[in-house]
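These are my notebook entries on a structure that I looked up one part at a time. Each entry records what I asked and what I found.

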Amino acid sequence: MSELTDLTLAEARDAVRAKKVSSVELTRAFTGAVEAARPLNAFVTETPERALEMAKASDARIAKGEGGLLEGLPLAIKDLFCTKGVRTTAGSNILSNFVPPYESTVSQNLWDAGAVMLGKTNMDEFAMGSSNETSHFGPVFNPWRSRSSNAKLVPGGSSGGSAAAVSGSLCLAATGTDTGGSIRQPAALSGIVGLKPTYGRCSRYGIVAFASSLDQAGPMTRTVRDAAILMRAMASVDPRDSTSVDVPVPDYEAGLDAGVKGLRVGIPKEYRIDGAPPEIDALWAEGVAWLKAQGAEIVDVSLPHTKYALPTYYIVAPAEASSNLARYDGVRFGRRAQGVRDIVDLYEKSRAEGFGREVQRRIMIGTYVLSSGYYDAYYIRAQKLRSLIARDFDEAYKKCDVLLAPATPCPAFAVGEKTADPVSMYLNDVFTVPVNLAGLPAIAVPAGLTKDGLPLGLQIIGKAFDEATVLRAGRAIEVAADFNAKPERWWRAA
Amino acid sequence: MSVDKDTVRRIAKLARIALDEGRVEPMAAELNGIVQWVAQLDEVDVTGVAPMTSVVAQTLKMRDDVVTEGGTADALMANAPDGEDHFFVVPKVVE
């Protein structure tokens, strides 16, 4: 066996079950990797002691012949999931001292399945960002670097710490959340797999809310099989989230290798955008050829309202955020400003000091579009557009079973490159946002490298609650792409 | 529609975010950039289109109207910036 940290989640699971390796050995290997990777800034909080305790308990269960689906497997948790007794910051100063008295349902499901927590991963503040540069705890650096430069690149966002931790082999897998692309975009930029399930597949209970009608948790992993394994463990119906859906959770791993013969794959023409690097289009064409060669039927489809998805999102998401983030007032939890005159001053100063620039900007936009006199012109119009965007997908699915598209319009970019203009940053999510607006499942799978050696991803979008087919088609891409490049571990010498 | 400085001050007040006078103008410019960009939605004819209310077709679940959790006041107070005897303490509100 090579380094333990190079194992996939599936390999580690099988090795632990077969008692070829103990959870404690595995966990020690990863806590060491996490410590050695501090230059990446992937973690806000490391929990090595807790990890070791959990690993020991796992080994005891395994010795008794017990154990869950993820028994003894070390994972990283995005710092948006509340973890009881472990600080949960959402990447924000306003929650920099917040220790939840409860556990999110998704993370509880993982612990119930026997998983081990390595720590909490860095992220864009309140998941608002596409580069992990809005975090109060500083940017995360992508394990990947260009062949032509040693410049530090972003891992994408908002689940940038989780993406870097998986890509840099600092954990077997990680959780992410995806409101407009926050799992799939960083997965693509970091050369890993990221799955956003159907809205309602995972409980949102205990996940710090950004835009509640769009937020979904999902797995970030090194292989499609690993995503299938983690997805099954994360998903559940939950009485604490009335939007979680009571649809049985299948064994996603079971049908993974069934192939795509006869599968109708739609190619949405509107995803061909002006100004995208030719490498993006070339990889997309390659993806079409791969699926065709494996027996899929390729169908041209149209999603006519695609170009309106981003502006629709940037009304709906800030509107929901402005109301969700109203709870941070410096009174019940979170940071409170000092030296205030009165209660209003306390609110205004606590929020001004506690929220970063991007979060303030989005709260302002959200407040504006919901304010008297603008509500119909912006918010109601955007919700109508959202209906049209969802209808586009319904129409397309009359002709096909899944859609194939690029995951992002560009590879990883340099730290600081896109921070000056908010709209240029927002454009990163052009291929991912429509999926959230329609509530559908989609996976990003690493499929190739640019000429500078940076990873690019392809995206499979499916029908609601058809994660199984999304994973199966993703697996077909993975097999054909045979993507096994790994970033050099430059941070170990840093 | 464009966002002027008075509108920025009004929105900041509604959002309860203290905004230094020096940040009003840059914020107006940023918000204008975003507002002008989203204005492209005006091109679309939305006559007769119902605004989306739920992305996944489902009826809202009901549960029995009973207390499910409680007695956690100590845990809830643990993160309070200031509190006394299970009360949150704030600056004086009533003179």
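**Entry 1: a loop residue**

I began with A:E270, which sits in the loop that joins strand 7 (264–268) to helix 8 of chain A. I note at the outset that the model is predicted. Is A:E270 buried, exposed or partly exposed? It has 16 C-beta neighbours inside 10 Å and therefore counts as partly exposed; a buried residue would need 20 or more, an exposed one 12 or fewer.

I then looked up its contacts, leaving aside residues up to four places away in sequence. A:E270 touches A:S302, A:L303, A:P304, A:T306 and A:K307. Between A:E270 and A:P304 the sequence separation is 34 residues, while their C-alpha atoms are 6.8 Å apart in space.

**Entry 2: the two domains of chain A**

I found chain A divided into domain 1 (4–262 + 400–492) and domain 2 (307–385). The centres of domain 1 and domain 2 of chain A, taken over C-alpha atoms, are separated by 27 Å. In the contact between them, 29 residues of domain 1 of chain A meet 22 residues of domain 2 of chain A. On the domain 1 side, the elements giving two or more residues are helix 13 (422–426) and helix 14 (433–438) of chain A. Helix 14 of chain A has the largest share of that side, three residues. By class, I recorded 16 nonpolar, 11 polar and two charged residues on the side of domain 1 of chain A that touches domain 2 of chain A.

**Entry 3: the largest nonpolar core**

Which residues touch the most other members of the largest nonpolar core? Among its 167 residues, they are A:L75, A:C171, A:V402 and A:I443. Helix 9 (residues 309–324) of chain A supplies the largest share of this core, nine residues. Domain 1 and domain 2 of chain A both give residues to the core, so it lies between them. In soluble globular proteins, nonpolar side chains tend to be buried together.

I followed one of these residues further. Not counting residues up to four places away in sequence, A:V402 has contacts that include A:I460, A:I461, A:T469, A:V470 and A:A473.

**Entry 4: helix 15 of chain A**

I turned to helix 15 (residues 467–481) of chain A, which has 15 residues. From first C-alpha to last, helix 15 of chain A reaches 21 Å, close to the 21 Å expected at 1.5 Å a residue. Helix 15 of chain A is mostly covered, with 11 of its 15 residues buried; A:V470 and A:A473 are among them. Its cover includes helix 7 (224–234), helix 8 (278–293) and strand 9 (402–406) of chain A. Just after the helix, A:D482 takes a positive phi of about 45°.

I counted three helices and two strands in chain B, in the order α-α-α-β-β from the N terminus on. The radius of gyration of chain B is 23 Å, well over the 12 Å that the globule rule gives for 95 residues, so chain B is more spread out than a compact globule. Of its 95 residues, 16% count as buried.

The contact between the chains takes 53 residues from chain A and 39 residues from chain B. Helix 12 (375–396) of chain A is one of the elements that supply at least two residues of the chain A side, and its 10 residues are the largest share. I recorded 30 nonpolar, 13 polar and 10 charged residues on the side of chain A that touches chain B.

Notes. Residues numbered from 1 in each chain as written. Chains lettered and ligands numbered in written order. Predicted model: local features only at pLDDT ≥ 70, side-chain atom pairs only at ≥ 80, totals over all residues. Helix = DSSP H or I, 4+ residues; strand = E, 2+ residues; numbered from the N terminus. Expected span 1.5 Å × (residues − 1). Contact = placed C-beta atoms within 7 Å. Core = buried A, V, L, I, M, F, W, Y, C linked by C-beta atoms within 7 Å. Domains from an automatic or database assignment. Nonpolar A, V, L, I, M, F, W, Y, C, P; charged D, E, K, R; others polar. Rg over C-alpha atoms; globule rule 2.2 N^0.38 Å.
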